[in-house]
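Hi,

Here is the structure I said I would pass on.

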Amino acid sequence: MSNQQSLQPLFESFQTDKLTLPNRTVMAPMTRSFSPNGIPDEKVAAYYRRRAEHNVGLIITEGTGINHPASVSGDSIPLFHGEASLGGWKNVVDQVHEAGGKIAPQLWHVGMTRKQGDLPNEEASPVGPSGLTLDGEKATEPLTIEEIEQLVEAYAKAAADAKRLGFDAIEIHGAHGYLIDQFFWEQTNKRTDRYGGDLVKRTQFAVEIVEACRREVGHDFPIIFRFSQWKMNDFAAKLAETPDELDQFLKPLVDAGVDLFHCSTRRFWEPAFEGSDLNLAGWTKKLTGKPVISVGSVGLSGEFTSFSDAETTSLDGLVEKLDQEEFDLIAIGRSLLQDPAWVEKVENGQADDLLPFDKSSLSKLY
Ligand SMILES: Cc1cc2nc3c(=O)[nH]c(=O)nc-3n(C[C@H](O)[C@H](O)[C@H](O)COP(=O)(O)O)c2cc1C
């Protein structure tokens, strides 16, 4: 493990005209399903507060459902609409702020990954651009234009509520094969209207969401956009095969008003394309000039979704990439589930006290 001196790049402050953070660490969004009836309660607030107390620079909440009957699968996933759920989130924001932290909600719609009959609205059918599951099977009718426009407005309303409740930013979940990514992905978007076509045209839904959110939150409020090449059912999937395609994909999102990109990969050290060591975040920064968050197996030997135990590993490679300014911020997932004080321990040179990842931490809210 590195000595404290060499970890310095991780603990430098981060500043843009819209967002100032004390260090480069971000808590990755992680669905926990500990919010009965979609309402984040006192235990959820304490869980986020604990990470803020232990110096996490920016907390991104678990995915939280926008106002649409089929936005989530499960009645303990927190919602981001309705008085009771928003009241729960207000408490979360206040607790995190009291502890000196910053926090953004991750706005989520699961799209066609939802199964008919899933809670909280058993009667609501899953929705998606072409009614296709991630495996390409026809399950429902494609969304109508009117339904798409309502969904765009549901994201905008959530963004407005986030700002009103005192959140420091929003993150739009455009990754991993959920609704927005189903529009991006050729395999799930076969539309021939303005929401379908080539890769650039398939960004239209996301573009309208970002623009509508921007309209609601104004110029000064940070909008983070999370995207990935990989999908929950296909780790090898790619939206962009080349840097040029990535450039075409990102440009409309930049023009729409994204401030920061959160580039989701399962291993942060893997090059995005042949011929360069840059990872997806590195390429995104280079192509857009926007600040970026990287992510994937920080401090751990095994990657996300294997959901098995993992050993702790050195942070040297991470620090090197931060030092070279390949990316600006690093999101940490499972290590922060395992240990709420992970950031503080690393900062204080207590890395030897870090515990291996024990998958039982997935079923606890501590
Ligand atoms: C239990 C769990 C739940 C997750 N839920 C979400 C989610 O709601 N939204 C999201 O974008 N990513 C989600 N992820 C992915 C993480 O944000 C992160 O990208 C991934 O865990 C890789 O980081 P890590 O290797 O540091 O754990 C989840 C990961 C875990 C372990």
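This is a predicted model: local features need pLDDT of at least 70, side-chain atom pairs count only at pLDDT 80 or more; totals for chains, interfaces and linings use all residues.

Let's start in helix 6, where Lys251 and Asp255 sit 4 residues apart, so about one helical turn separates them. An α-helix has 3.6 residues a turn, so residues three or four places apart point the same way. The side chains of Lys251 and Asp255 meet in a salt bridge, 3.3 Å from N to O. Lys251 is partly exposed at 49% relative accessibility, while Asp255 counts as exposed at 57%.

Across the whole structure, a search turns up 18 salt bridges. One of them pairs Asp94 with Lys90, with the closest N and O atoms 3.1 Å apart. Both of these lie in helix 2 (residues 83-98), again 4 residues apart. Asp94 is partly exposed at 31%, and so is Lys90 at 34%. Another joins Arg191 and Asp193 at 2.7 Å, N to O; here Arg191 is buried at 11% relative accessible area, whereas Asp193 is partly exposed at 25%.

Then have a look at helix 7 (residues 280-288). Its buried residues include Leu280, Trp283 and Thr288, and the buried residues of this helix pack against helix 6 as well as strands 7, 8 and 9. Just after the helix, Gly289 has a positive phi of about 75°.

Cheers

Technical notes: Residues are numbered from 1 along each chain as its sequence is written. Side-chain values use heavy atoms; hydrogens and water are left out. Buried means under 20% relative accessible area, exposed over 50%, partly exposed in between (1.4 Å probe, protein chains only). Helices (H or I, at least four residues) and strands (E, at least two) are DSSP runs, numbered from the N terminus. Contact means heavy atoms within 4.5 Å. A salt bridge is a side-chain nitrogen of Lys or Arg within 4 Å of a carboxyl oxygen of Asp or Glu.
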